[in-house]
Amino acid sequence: MQELNFPKFEYRFKSTENKVSIFDVIRKKFIILQPEEWVRQHCIHFLINVKNFPKSLINVEKELNINGLKKRYDIVVFNSDGTIHLIVECKSYTISINQDTFDQIARYNLALNANYLMVTNGLNHYYCQMDMEAEHYNFLKDIPNYTKT
């Protein structure tokens, strides 16, 4: 797999029927390793080990309904009160991040109302803070570390 622009982490692989899987510490199971999953796992470990978010506040690959359409988000980080702190959209390292990617996460945020957005392909990371009143996002150099509320 491609080297990514994230800190290194300890991962577990297993191989079955000529398919390699990586262990997801949030879902507590092995997931078939594809480029987007490689990015997602690095991002999960970044959030836990660098940004200090508790595993218990992180949710991965869940379905949501947007205007009657079923969509799946990559990573959501909750606040301790159950509101959503951060939505992360992960793309494969082979995919360039463009306006369509931001439009996708913005549509998700219409349903989720997160304070922060992160878009990554593992090589480039973009962070935004939502301004709900003005209905736009402000780009940041980084997302804040977890602080207990």
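Reader: Which residue in the turn between β1 and β2 has a positive phi?

Author: This is a predicted model, and its β1 and β2 form a hairpin. Two residues lie between the strands. In that turn, a positive phi of about 50 degrees belongs to Glu17.

Reader: In what order do the three strands of the open sheet stand?

Author: The edge strands, each pairing on one side only, are β1 and β3 (29–32). The pairing is antiparallel, and the order is β1-β2-β3.

Reader: What is the average twist from one strand to the next?

Author: The three strands form an open sheet with antiparallel pairing. From one strand to the next, the twist averages 40 degrees.

Reader: Which residue in β3 is the bridge partner of Ile22?

Author: For Ile22, the bridge partner in β3 is Ile31.

Reader: At what angle to β2 does α1 run?

Author: Helix α1 covers residues 35–49. This helix lies across β1, β2 and β3. Its angle to β2 is about 20 degrees.

Reader: Is His42 buried or exposed?

Author: His42 is placed in helix α1. Leaving aside residues up to four places away in sequence, His42 touches Leu4, Phe6, Pro7 and Phe9. Its relative accessibility is 7%, and the cut-off for that class is under 20%. His42 therefore counts as buried.

Reader: Which residues make the nonpolar surface patch of about 260 Å²?

Author: One member, Tyr11, sits in the segment before β1 (13–16). Tyr11 has 37% relative accessibility, so this residue counts as partly exposed. The patch is made by Tyr11, Phe13 and Val20.

Reader: How far apart in space are Ala106 and Glu133, C-alpha to C-alpha?

Author: Ala106 is found in helix α2, residues 99–112. With a relative accessible area of 26%, Ala106 is partly exposed. In sequence, Ala106 and Glu133 are 27 residues apart. In space, C-alpha to C-alpha, their separation is 14 Å.

Conventions
Residues numbered from 1 in each chain as written. Predicted model: local features only at pLDDT ≥ 70, side-chain atom pairs only at ≥ 80, totals over all residues. Heavy atoms only, no water. Patch = residues over 30% accessible without salt bridge, like charges linked within 9 Å, V, L, I, M, F, W, Y side chains within 5 Å. Areas by Shrake-Rupley, 256 points an atom, 1.4 Å probe, with all protein chains shown as cover. Salt bridge = Lys/Arg side-chain N within 4 Å of Asp/Glu carboxyl O. Helix = DSSP H or I, 4+ residues; strand = E, 2+ residues; numbered from the N terminus. Buried < 20%, exposed > 50% of the residue type's maximum accessible area, 1.4 Å probe, protein only. Contact = heavy atoms within 4.5 Å. Pairing = 2+ DSSP bridges. Axes fitted to C-alpha atoms, helices over the stretch in contact; angles between N-to-C directions.
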